Amino acid sequence: MRSAIQFASAALALATLTLNAVPVAIAAETADPVADARAFQKYFTEKFPKVKLKDFVNGPYSMNEDMHRQWEEKEQFPPYDFSLDAGKEMFSKPFKNGKSYADCFPNQGIGIRQNYPYFDEKEGKVITLELALNRCREANGEAPLSYMKDEMAALTAYMAFTSRGKPFDIKIPNDARALEAYQNGKRYFYTRRGQLNFSCASCHVQNPGERIRAEVLAPALGILNAMPIYRSEWGGMGTISRRFTSCNSQTRGVPLEPQADEYRDLEYYLSYVSNGLPISGPGARP
Amino acid sequence: MSMIGKANALKSLSIVLLIAASTSALAASSEADFKTAYAAAEAANKQAGSLRNQWTTTTAALAAAKKAAEAGDFDQAVASSKEAEALAKASIVQATSEKEAWKAIEIR
């Protein structure tokens, strides 16, 4: 029976693909990040005229009044508090060599979340905060952390907390490789994948505010500003890496390895189009 | 043809079909059949991997094929391998078509 369903799904997916393959006035691929960000923010503010621009960082809570009230109550005793405390402690504890995370970051790592990810012109790649934290550890003789949750989520929670209210300020330097990384991230965001044939945009552009089973889908605008998040569904904290990989597996796609180039570029694109919206992490989500 | 003649002809056809069906049911798959089917599925899934677009259901079908083969159930092993190959090929079609199709839903 299961096999029959899967065969049917595969056939359905193929049929959908065939339909999708019909040309729908596809414009030439252009790279104009400024125009993209403007159009992106306009799309969401027009779709949800009652939601203030900065409130999009509150994800599904900005879409639904009842949920917003619940969230305000939840914020009295936020579920990410334990992680935040742990992150603060970890951040200030020196490594075995006497150095600390503060030595690896500008401004001692305080109030800088809004500048990540950035494009490193020396390396020619996007550097995310999670990646920078593990590189800091390795440079100081410490083992890297799992990118998915627990300690990495605690550290990024603390760094986000010290940056709350600061607007995302992602820069694309005048470097063809940076623009290419941005374009790759955009392509990843809109590309359908997995047996369910969903792209990130299928949920977070075309259907924010709608339900998928019991969940209210978050808008893509501002979706990374609240990271990392405590998710009731996960029963704990999760990083951006966890969010990306779990989105892939939910659509029945095999996730890439955390911090794969594609995910780094995706984070670059999604953060850039949310420029100007405040950091609100750590967040809590259903 | 008379009514009796028609009935006899139908009976004969039914018998032929029954024999054909039972013969095909008896034609069990061999380990070699499994190996061929599994290799084809693995090759397709490897191609999907090079396009960074494998499906979890392909992985599951490949695992089911291997498990069935280990248990000596080569009919199931071949069926699961073919299912895996079909899924892997669908994921390749998806990745290929999306190289251009993604632009259709871009916010502009």
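Trainee: What should I know about the model and the numbering?
Mentor: This is a predicted model, where local features need pLDDT of at least 70 and side-chain atom pairs count only at pLDDT 80 or more, while totals for chains, interfaces and linings use all residues. Residues are numbered from 1 along each chain as its sequence is written, and chains are lettered from A and ligands numbered from 1 in the order in which they are written.

Trainee: How many helices and strands does chain A have?
Mentor: Chain A has ten helices and seven strands. Helices (H or I, at least four residues) and strands (E, at least two) are DSSP runs, numbered from the N terminus.

Trainee: And how much of chain A is buried?
Mentor: Of its 286 residues, 43% are buried. Buried is 20 or more other C-beta atoms within 10 Å of a residue's own, exposed is 12 or fewer, and partly exposed is in between, with C-beta atoms placed from the backbone.

Trainee: Which residues have the most contacts inside the largest nonpolar core?
Mentor: Those are A:A157, A:Y158, A:Y269 and A:L270, in a core of 62 residues. Helix 6 (residues 150-161) of chain A gives the most to this core, namely nine residues. A second, separate core has 21 residues, among them B:L62 and B:F74. A nonpolar core here means buried Ala, Val, Leu, Ile, Met, Phe, Trp, Tyr and Cys residues joined through C-beta atoms within 7 Å.

Trainee: What does A:L270 touch?
Mentor: Leaving out residues up to four places away in sequence, A:L270 touches A:G185, A:F189, A:A220, A:I223 and A:L224. Contact means C-beta atoms, placed from the backbone, within 7 Å.

Trainee: Where do A:G185 and A:F189 sit?
Mentor: They are among the buried residues of helix 7 of chain A. That helix covers residues 176-190, and its buried residues are covered by elements including helix 2 (33-47), helix 8 (200-204) and helix 10 of chain A.

Trainee: Back to helix 6. How do helix 4 and helix 6 of chain A cross?
Mentor: The axes of helix 4 (residues 81-92) and helix 6 of chain A come within 7 Å and cross at roughly 90 degrees. The axes are lines fitted to C-alpha atoms, for helices over the stretch in contact, and angles run from 0 to 180 degrees between N-to-C directions. The two helices are therefore roughly perpendicular to each other, a label for angles of 65 to 115, with under 35 being roughly parallel, over 145 roughly antiparallel and the rest oblique. Residues meeting there include A:L84 and A:F91 from helix 4 of chain A, and A:A157 and A:Y158 from helix 6 of chain A.

Trainee: New topic: in what order do the three strands of the open sheet run?
Mentor: The order is 6-5-7 in chain A, with mixed pairing. Strand 6 (236-238) and strand 7 (283-285) are the edge strands, each pairing on one side only. Strand 5 (residues 229-231) and strand 7 of chain A pair in the parallel sense over three bridges; pairing takes at least two DSSP bridges.

Trainee: Last one: is A:V254 buried or exposed?
Mentor: A:V254 is buried, because 21 other C-beta atoms lie within 10 Å. A:V254 is in the loop between helix 9 (240-250) and helix 10 (261-272) of chain A. Aside from neighbours within four places in sequence, A:V254 is in contact with B:Q54, B:W55, B:T56 and B:T59.

Definitions and conventions:
Contact = placed C-beta atoms within 7 Å. Expected span 1.5 Å × (residues − 1).
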